[in-house]
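User: I'm new to this one and would like to learn how to read it. Can you walk me through it, feature by feature?

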There are 2 protein chains.
Amino acid sequence: MRVLIYGAGQLAKMMYLAGAPLGIQVQAVDVASGKILDPETKQPMQLSIAEAIEEADYLSVEFEHVPEALLHEAELSGKLLPSMRAILTGADRIREKTLLDKLDIANSPYHVITKVEQLDQAIEELGEQLIIKSSRDGYDGYGQWRLQSKEQLAELKDALSSLNLQKVPLIAEKMIPFEREVSMVAVRSRDGSMSFYPLAENLHYRGQLHVSVAPALKVSEELQKQAEQAATKLGDELDYVGVLAVEFFQVGEQLLVNEIAPRVHNSGHWTQQGADTCQFENHLRAICDLPVGDTSATRCAAMVNIIGVSGFNRDMLRIPGCHLHWYRKEAREKRKMGHINLCASSYEELGNAMLALSEYLPIAQFPKLKSSVQQLLKKQ
Amino acid sequence: MRVLIYGAGQLAKMMYLAGAPLGIQVQAVDVASGKILDPETKQPMQLSIAEAIEEADYLSVEFEHVPEALLHEAELSGKLLPSMRAILTGADRIREKTLLDKLDIANSPYHVITKVEQLDQAIEELGEQLIIKSSRDGYDGYGQWRLQSKEQLAELKDALSSLNLQKVPLIAEKMIPFEREVSMVAVRSRDGSMSFYPLAENLHYRGQLHVSVAPALKVSEELQKQAEQAATKLGDELDYVGVLAVEFFQVGEQLLVNEIAPRVHNSGHWTQQGADTCQFENHLRAICDLPVGDTSATRCAAMVNIIGVSGFNRDMLRIPGCHLHWYRKEAREKRKMGHINLCASSYEELGNAMLALSEYLPIAQFPKLKSSVQQLLKKQ
């Protein structure tokens with residue numbers, strides 16, 4: 001069985017490693033160069049894209065921002081899972097919002113901005129506290145602006161004036177005073193059946209995921225159900241196959257969808273050590289029409305992203321249940337260089353492990369780790 | 001970090017997959033051809049052995065039967081772990097027995113045979129029920145003969161007459177009426193500290209490991225300690241670094257060493273899904289001087305070898321906690337083609353999973369799976 005993944009970063013690499021034991025060979029397309037790479041060694045393979053598509057049993061993506069020409073070619077092969085439509089929905093906030101509204105899935109109120117002047121109307125409708133997001137290609141905090149009050153409006157308009165909003169409109173979203181962010185990683189099979197990992201709680205810093213804890217504490221059965229229902233509606237509507245991630249804001253006992261990711265997701269990395277079958281294996285199982293593996297958590301887990309640093313202190317591996325996933329990339333500011341999964345049999349143990357880990361990580365890159373322990377592990 | 005493994009089979013492959021997340025690149029030497037291979041794809045790399053040794057930080061082995069000339073070259077580099085002495089001890093039953101006796105570690109009484117006539121003396125000393133084993137290159141039931149009574153002696157002598165016993169002597173061992181076979185997978189660090197996985201119980205069939213269950217049931221604290229002490233004595237004497245496996249016969253509350261394997265071991269494959277850190281990762285952590293990961297079992301697990309069949313029924317992945325490790329080798333009789341790890345939160349659940357699995361596996365290749373469930377999971 002062979003699967004070709006569009007995108008040759010860490011997600012393709014982790015799918016490669018998860019597929020190998022099942023006899024699934026994963027190859028990756030570097031979407032910038034069009035080269036086919038071994039996802040682990042990054043060595044180019046002597047194959048054109050057309051040949052790789054021909055030889056593959058299935059095609060999939062590691063991220064939604066794949067050039068449309070490439071997606072078209074993939075879709076034409078009849079092997080692309082999830083479908084181009086699902087991928088494009090995750091790649092475009094306007095499509096995404098439209099779909100959520102159509103399916104009656106709660107999300108934060110918004111206004112589409114194709115001219116900066118429309119910001120006045122947005123403020124009138126949604127209030128003066130807004131988050132402005134690029135409708136496409138915006139991720140990890142890039143292409144986002146905040147309006148805290150009307151006084152900043154002129155400055156904001158100025159900042160946005162150079163953008164071509166006809167080509168890539170913006171979405172102005174009402175800033176919701178949410179209690180926390182949680183995410184659902186779901187798996188949909190070819191037969192339409194769905195499996196769900198328990199909700200994870202996520203802490204962001206400067207627009208990037210910083211820490212996830214799973215299963216999230218203080219999750220009522222109803223809350224988990226709400227998330228599962230949203231994922232099910234989306235999955236059914238998109239005739240989705242594979243892993244689908246949905247990020248939510250929690251407001252009281254209500255979940256508002258923040259974002260949909262038509263792929264394996266950073267907030268699901270904890271499943272590598274904390275669940276029976278990890279999201280990477282389950283994505284491959286689903287698209288290859290193999291039975292989806294058990295999605296229940298076997299332990300409580302915390303995932304900590306390693307961002308922007310070129311190395312790690314090996315001694316942190318002394319912490320019981322500490323597992324490193326190092327991507328072997330060149331260090332750049334804000335770049336995800338790896339992640340650490342911490343596992344424990346109780347949240348108290350997990351909290352101690354997180355505190356122990358914070359001693360090994362430079363405070364500049366991990367400003368929130370210590371404080372997040374208290375926040376994330378506060379019991380009801 | 002780069003590690004070169006002598007041997008390019010499934011053990012090297014699983015070390016490759018376990019090392020990748022830590023940023024450890026594993027390459028393999030095919031010891032027959034001398035080629036350097038990517039352990040996962042089996043693609044040859046454009047490197048000579050000398051270059052691969054030069055570029056590697058450490059060298060290790062996936063099996064003990066590496067040609068001595070290659071081992072010498074490896075040892076000379078100063079990067080080989082465990083040492084050549086440790087590897088050769090595992091490769092030669094006479095060295096092994098001599099070491100066990102020297103360290104006062106219980107093992108079954110034996111007699112070295114360099115001429116077939118010495119069998120008479122062996123019978124006199126040890127009784128007429130003997131297992132005759134080649135002292136070198138014998139594994140998976142090859143190079144083994146059984147003597148049940150004196151009547152078979154002439155026939156046995158005849159069968160052995162073509163062997164060069166001066167070159168490769170035999171060991172005649174007293175057949176011990178043991179209750180079961182258990183094995184210890186231990187990890188020794190560069191600083192001499194040791195970690196131990198819980199004992200696994202092993203079922204063999206025609207000389208090959210068939211099923212392991214871990215943690216083995218009915219293991220008293222004293223029994224686990226006995227096994228740990230034997231591994232510690234061996235580890236200290238050999239100044240061992242890495243994973244060391246020791247197979248035992250259990251007779252009452254006494255353990256007799258059956259075999260030492262200076263490497264990751266088939267009876268430790270359950271650790272991939274059943275322990276916090278698997279044996280493959282811990283072998284690499286130990287030789288790369290990284291802290292050894294937690295060796296405790298997180299669940300109860302059964303490992304079932306897939307032997308001699310060219311494919312598998314994908315539906316078995318429906319069984320909760322069922323994980324496939326498929327080696328992508330050409331099928332041959334008695335060849336290990338892959339293994340399945342079953343995991344559960346209780347032995348009862350595990351037994352049900354094993355019974356469910358037996359429905360998917362051809363009875364000819366898995367004659368003992370059903371019966372082994374009862375045998376292995378019988379409570380005290």
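**Helices that cross**

Analyst: Let's start with two helices in chain B: α1 (residues 10-19) and α10 (residues 279-287) pack at an angle of about 75°, and their axes are 8 Å apart. Keep in mind as we go that this is a predicted model.

User: How would you describe the way α1(B) lies relative to α10(B), and why?

Analyst: Angles of 65 to 115 degrees count as roughly perpendicular. That puts α1(B) roughly perpendicular to α10(B). From α1(B), the contact uses B:M14, B:M15, B:A18 and B:G19, and from α10(B) it uses B:F280, B:E281, B:H283 and B:L284. Sorted by class, this contact of α1(B) with α10(B) has five nonpolar residues, two polar and one charged.

User: At what angle do α4 and α5 of chain A pack?

Analyst: In chain A, helix α4 (residues 84-91) meets helix α5 (residues 93-102) at about 105°, and the axes are 5 Å apart. That makes α4(A) roughly perpendicular to α5(A). On the α4(A) side you'll find A:L88, A:T89 and A:G90, and on the α5(A) side A:R95, A:E96 and A:L99. The classes in the contact of α4(A) with α5(A) come out as two nonpolar, two polar and two charged.

User: On to strands. What holds a sheet together?

Analyst: Strands in a sheet pair through backbone hydrogen bonds, and the pairing can be parallel or antiparallel. In chain B, four strands make an open sheet in the order β3-β2-β1-β4, with mixed pairing. The edges are β3 (36-37) and β4 (58-61) of chain B, each of which pairs on one side only. Within that sheet, β2 (residues 25-29) of chain B runs antiparallel to β3(B), with two bridges between them. Look for B:A28 there, opposite B:L37 in β3(B).

User: Which strands does β2 of chain A pair with?

Analyst: Strand β1 (residues 2-6) of chain A runs parallel to β2(A), and five bridges join them. Between β1(A) and β2(A) the chain passes through helix α1 (residues 10-19) of chain A, giving a right-handed β-α-β crossover. The other partner is β3 (residues 36-37) of chain A, antiparallel to β2(A) and joined by two bridges. Here A:A28 has A:L37 as its bridge partner in β3(A). β2(A) and β3(A) form a hairpin with six residues between them, and A:G34 in the turn has a positive phi of about 75°.

User: Why is β2(A) described as largely enclosed?

Analyst: A residue counts as buried when 20 or more other C-beta atoms lie within 10 Å of its own. Strand β2 (residues 25-29) of chain A has four of its five residues buried, so the rest of the structure largely encloses it. Strand β17 (residues 336-344) of chain A is also largely enclosed, because eight of its nine residues are buried.

User: How many bridges join β15 of chain A to β17(A)?

Analyst: Eight bridges join β15 (residues 300-307) of chain A to β17(A), and the two run antiparallel. A:A302 has A:L342 as its bridge partner in β17(A). β16 (residues 322-326) of chain A pairs with β17(A) too, in the antiparallel sense over five bridges, and A:H325 stands opposite A:H339 in β17(A).

User: Last one: how many residues does each chain bring to the contact between A and B?

Analyst: Chain B brings 25 residues and chain A brings 25 residues. On the side of chain B that touches chain A, strand β16 (residues 322-326) of chain B gives the most, with three residues. That side of chain B divides into eleven nonpolar, five polar and nine charged residues.

How values were computed: Residues numbered from 1 in each chain as written. Chains lettered and ligands numbered in written order. Predicted model: local features only at pLDDT ≥ 70, side-chain atom pairs only at ≥ 80, totals over all residues. Pairing = 2+ DSSP bridges. Contact = placed C-beta atoms within 7 Å. Nonpolar A, V, L, I, M, F, W, Y, C, P; charged D, E, K, R; others polar. Buried ≥ 20, exposed ≤ 12 C-beta atoms within 10 Å, placed from the backbone. Right-handed = clockwise from strand over helix to strand, strands pointing away. Axes fitted to C-alpha atoms, helices over the stretch in contact; angles between N-to-C directions. Parallel < 35°, antiparallel > 145°, perpendicular 65-115°, else oblique.
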